[in-house]
Amino acid sequence: MDLVESYRDDLRFARKPLTWILLGMLVAGLLALPWYAHASWVVRFTVIALYAIGVMGQNILIGYTGQISFGQAGFLAIGAYTFGHLKLLGVPFFLALLGAGLTAGLAGAVVGFPSIRLKGPYLAIATLGFGIAVYQIFANSEILSGGRSGLPVPKLEPAFGLTREVYVYYIYLGLLLAFTIVTYNLVSSYVGRAFVAIRDSDIAAEVMGVNLTRYKLLAFAVSSFYTGVHGGLFAQFLGHLEPQTFNIGESLTLFVAVIVGGLASVEGSILGAAFVILVPTLLSEYRWFVPVLFGLTILLVLIFEPLGLAGRWLKSRLYFQLWPFR
Amino acid sequence: MAGVLQYTLTGLSAGSLYALVALGIVLIYRSTRVLNFAHGDTATLGTFVAFALVSQGYPFYVAFPVALLVGGVVAILFYFGVMAPAQRQGATLLGQVILTLGLALIFQGVIVYQWGAEPDRFPFPLSETKTWKLGPVFISQLSLGTFGAGLLGSLLLYLLVQKTRLGLAMRATSENLPAAQTLGIPTRRVLGVSWGVASILGVVAGLFLAPALLLDPFFMLDPFLKGFAAAVLGGLNSLPGAVVGGLILGVAESLAGGYLTIQFKNTLAFVIIIAVLLIRPEGLLGHEFKERV
């Protein structure tokens, strides 16, 4: 193992040339996906990409800052409906996406206010209440939700001679890569270290000079920005919005993805998103078994591998690096 | 005036069930600091067991105790099978809360598999339509029975916690775990019993809620959240607080549903909670936790 000798070393994205090569191969493989994989897999990877963004946001909040939120479905709904309404007004895709993220981020900062005084289970309940309140507001307000028939979202027009599925896949993949790099940089910067300090002990962090109010609100705002973008991408993908989509189950799915992928891990968030998307599609004939499997996975992961899939990946990598010693 | 009385009475009946759910949540929270997210689903499971037995022709006095037993045993098994090993491995509080979430998901899947997602009507010995006139207000047989069950459950729990040796051990364990261990109290067994008792209270609430609502795999979600809300209102570490919180929430909700708007009835509960949390986070009767770094 090579030691980290300077701060610059610590901030480096990948330390060895081999890592760069493998990363490049992974990205190239994903870019070439439409040429060798079935069209259904392209759609699946599109959903994984958009989910991974939301899971990363949730992970910043739960894994890095240690603040429980069960209200993610609320931010998701806010993002999705903002995006839908902006699209209907004729706002271009990326601008609408930015609007969705910013609106959700603003809502996140407001919801974050209780987090200054509340901890653990209390915060869980407050955010849960927020999620349910948002759901009911959308369900009861015809102007916001588009009435009985739901809110249609205009489809993206494909360019460069690609089919619509492949075009959407490339946009979503690009966004996922951008968000991954931003998240890596965020969590290894002083902001990320402030988040981790708050997670480990907020009183100690405050004594060390971390402004609790600012960083807790920032964590909420950033996390809900991600979730809002996730909501916008989800709205674009579905093409049709109904409030029922954003029930408490959606919050739980995001939560399961964070736990299974690994708390406080960026690559774990992507693995976790892949888990919660691929498992239900593989088990489409046994739908009732999906929650059971999610629940069992949570129990097994927390008891035997608290670091999740990312931890397993880290351990197997260490095993091969140290082989034949252990 | 008669309207206010009527709504208050209806609210008290619903509130007594919230109180039962809240008591279960508080019982577990104050002994282990774990918020049990599987509380509602355990109650659903117990209620469905009673439903299955009644549909097969068993009388109610067989079906109900069996349902309570199933609920209690499942919770005790979960404590010894999952929670205790996790605690021994030093799982964080967040981790333990997530474990109960995992259990909730498992129960949901099993219930949907076993009984389907279609809502069923639960046959019940007390009728909702048979009413008595009590001065200016009407009270149905069901809501009277519900209120009685809530009262009886709270009373029995009070006697158990305050008047028995087991209750003394439970109080000691929740007060100071290492000290209780040092004094020779088998804390794991005591905590296991607490989980069982809490879950039985939840099943009682589920049994009395089922005839008023339709029985589907998610019917306890709403009452469970209200129970949470009630527990927070009263203070998450206070048993009398849970009862007070439940009754207040029930009455407030009923009055708001009658005089303001019925659509935001559920949202109102959470508005109250967030307000309470911001003004007095330890709840009405709870006391504040001191934290050491």
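A residue is called buried if 20 or more other C-beta atoms lie within 10 Å of its own, exposed if 12 or fewer do, and partly exposed in between, the C-beta atoms being placed from the backbone. This is a predicted model, in which local features need pLDDT of at least 70 and side-chain atom pairs count only at pLDDT 80 or more, whereas totals for chains, interfaces and linings use all residues. Residues are numbered from 1 along each chain as its sequence is written, while chains are lettered from A and ligands numbered from 1 in the order in which they are written. Helices (H or I, at least four residues) and strands (E, at least two) are DSSP runs, numbered from the N terminus.

**Loop residues**

- Arg33(B) counts as partly exposed because it has 17 C-beta neighbours inside 10 Å. Arg33(B) is placed in the loop between H1 and helix H2 (39-55) of chain B, and its phi is positive, near 65°, although the residue is not glycine.
- Most residues other than glycine have a negative phi.
- Ala264(A) also has a positive phi, of about 55°. Ala264(A) sits in the loop between H13 and H14 of chain A and is buried, with 22 other C-beta atoms within 10 Å.
- Gln244(A), in the loop between strand S2 (240-241) and H13 of chain A, counts as exposed, with 12 C-beta neighbours inside 10 Å. Its C-alpha atom is separated by 50 Å from that of Leu322(A), 78 residues apart along the chain.

**Helix H16 of chain A**

- H16(A) (residues 308-322) has 15 residues and reaches 21 Å from its first C-alpha to its last. This is close to the 21 Å expected at 1.5 Å a residue, where the expected span is 1.5 Å times one less than the number of residues.
- The buried residues of H16(A) are Gly308(A), Leu309(A) and Ala310(A). Their cover includes helices H13 (248-261), H14 (266-282) and H15 (289-304) of chain A.

**Crossing helices in chain B**

- The axes of H1(B) (residues 2-32) and H9(B) come within 8 Å and cross at roughly 70°. Axes are lines fitted to C-alpha atoms, for helices over the stretch in contact, with angles from 0 to 180 degrees between N-to-C directions.
- H1(B) and H9(B) are therefore roughly perpendicular to each other, a term for angles of 65 to 115 degrees.
- The residues of this contact divide into twelve nonpolar, two polar and one charged. Ala, Val, Leu, Ile, Met, Phe, Trp, Tyr, Cys and Pro count as nonpolar, Asp, Glu, Lys and Arg as charged, and the others, Gly among them, as polar.
- The axes of H5(B) (residues 141-163) and H6(B) (residues 165-175) come within 5 Å and cross at roughly 75°, which makes H5(B) roughly perpendicular to H6(B).

**Contact between the chains**

- The contact takes 36 residues from chain B and 32 residues from chain A, two residues being in contact if their C-beta atoms, placed from the backbone, lie within 7 Å.
- On the side of chain B that touches chain A, H4(B) gives the most, with 16 residues. The residues of that side divide into 27 nonpolar, eight polar and one charged.
- Leaving aside neighbours within four places in sequence, Ile273(B) is in contact with Ile125(A), Gly129(A), Ala229(B), Val232(B) and Leu233(B).

How values were computed. Parallel < 35°, antiparallel > 145°, perpendicular 65-115°, else oblique.
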